[in-house]
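Open the model in your viewer and keep the selection tool at hand. The stops below are meant to be taken in order.

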Amino acid sequence: MSKEQLNNIKIVGFVLRPDSLDILSLYREISKKFEDKGMEVLLDSESATMIGFKGIEFEEMCNQVDLLVSLGGDGTLLGLVRKSYGFDKPVLGINAGNLGFLADIPIESVDDMVERLMVGNYRIDNRIMIEGYIERDGEKEEFYAFNDVVITRPTIAHMIRLDAFIDNDWFNTYRGDGLIISTPTGSTAYNLSLGGPIVYPMSKVFIMTPIAPHSLTQRPLVLPIEFSINLSSPDKLVVMIDGQDDYILNAEDRLVIKGASMTAKLLHKKEHSNFKVLREKLSWGDE
């Protein structure tokens, strides 16, 4: 577990849940809590336009801030982590959504969390991300994923064939509806619904889980991130990134998945327990 701390939090940058005009009053209330403690608050331009504010371009905001704040649900945080890759900024998730696996600070705890930021009573968790690209005609279309990469068929007409290579050695041919390659963070998302394993979020592994496999011998596989996964198919497929961005994988293309060189940094309360999150969100254990 990381013992990293921010030396002095002077500027924070907010990203708001998209298409949510009703989040304006909540943003006013929460941003004031940071400002009252002497922190400057910046708002990215897309969020600002949505609520009629003046904002700052996202890249410029990332360069200036000490901390990024996601105000929304898990989807908002996923998008922020992916978009801010390369800036190496911690992300604090304030939950204005429903589930709150990742955005785990409830609205009623924001005052307490701001106080913790002032005195260093928090921790930063480093979680692996996926770095990938689609190679076609000698060009690479690059992307990053925090939860998962889902390879599936564009229509329900027929099952797909997906040839998988690990470090350029042929490993398997998947036949069925597709394949999920998940990070430990994403193991509680689509992977979980298909019977894939739940993996401790700071583990350094991939989870490869087939979607409705044609053969019952095709089982989920946990693989160290030191390996590179290469995928190709004679079919035209869709590649979904964190359930938010999508790409086309043509028959002549190659999809390459590997561990990203930088991690995602999630800021939590110091006593935050991933096991408690599982108990609460999945209703494990006795009442």
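This is a predicted model: local features need pLDDT of at least 70, side-chain atom pairs count only at pLDDT 80 or more; totals for chains, interfaces and linings use all residues.

Residues are numbered from 1 along each chain as its sequence is written, and side-chain values use heavy atoms, with hydrogens and water left out.

**Stop 1: strand β3**

Select residues 67-72, which form strand β3. Helices (H or I, at least four residues) and strands (E, at least two) are DSSP runs, numbered from the N terminus. Six of the six residues in β3 are buried, meaning under 20% relative accessible area with a 1.4 Å probe, protein chains only; exposed means over 50%, and partly exposed is in between. In a regular strand the side chains alternate between the two faces of the sheet. One side of β3 has Leu-67, Val-69 and Leu-71, the other Leu-68, Ser-70 and Gly-72, and all are buried.

Two strands pair if DSSP finds at least two bridges between them. Phe-14 has Val-69 of β3 as its bridge partner.

**Stop 2: Lys-54**

Is Lys-54 buried or exposed? Lys-54 is exposed, because its relative accessible area is 81%. Its place is the loop between α2 (45-51) and α3 (58-64). From the C-alpha atom of Lys-54 to that of Ile-166 the separation is 48 Å.

**Stop 3**

Ile-166 belongs to residues 160-166, strand β10. Select the open sheet of six strands, which runs β8-β7-β18-β15-β10-β11 with antiparallel pairing. β8 (139-145) and β11 (169-176) each have a single partner strand, so one side of each is left without a neighbour in the sheet. Within the sheet, β10 and β15 (residues 229-232) pair over four bridges, and Ala-164 has Leu-231 of β15 as its bridge partner.

**Stop 4: Lys-265**

Finish in strand β19 (residues 264-269), where Lys-265 lies. Lys-265 counts as buried because its relative accessibility is 11%. Its side chain makes a polar contact of 3.2 Å with that of Asp-88. A polar contact is a pair of N or O atoms within 3.5 Å; within protein, one must be able to donate a hydrogen and the other to accept it, and residues adjacent in sequence count only if both atoms are side-chain atoms.
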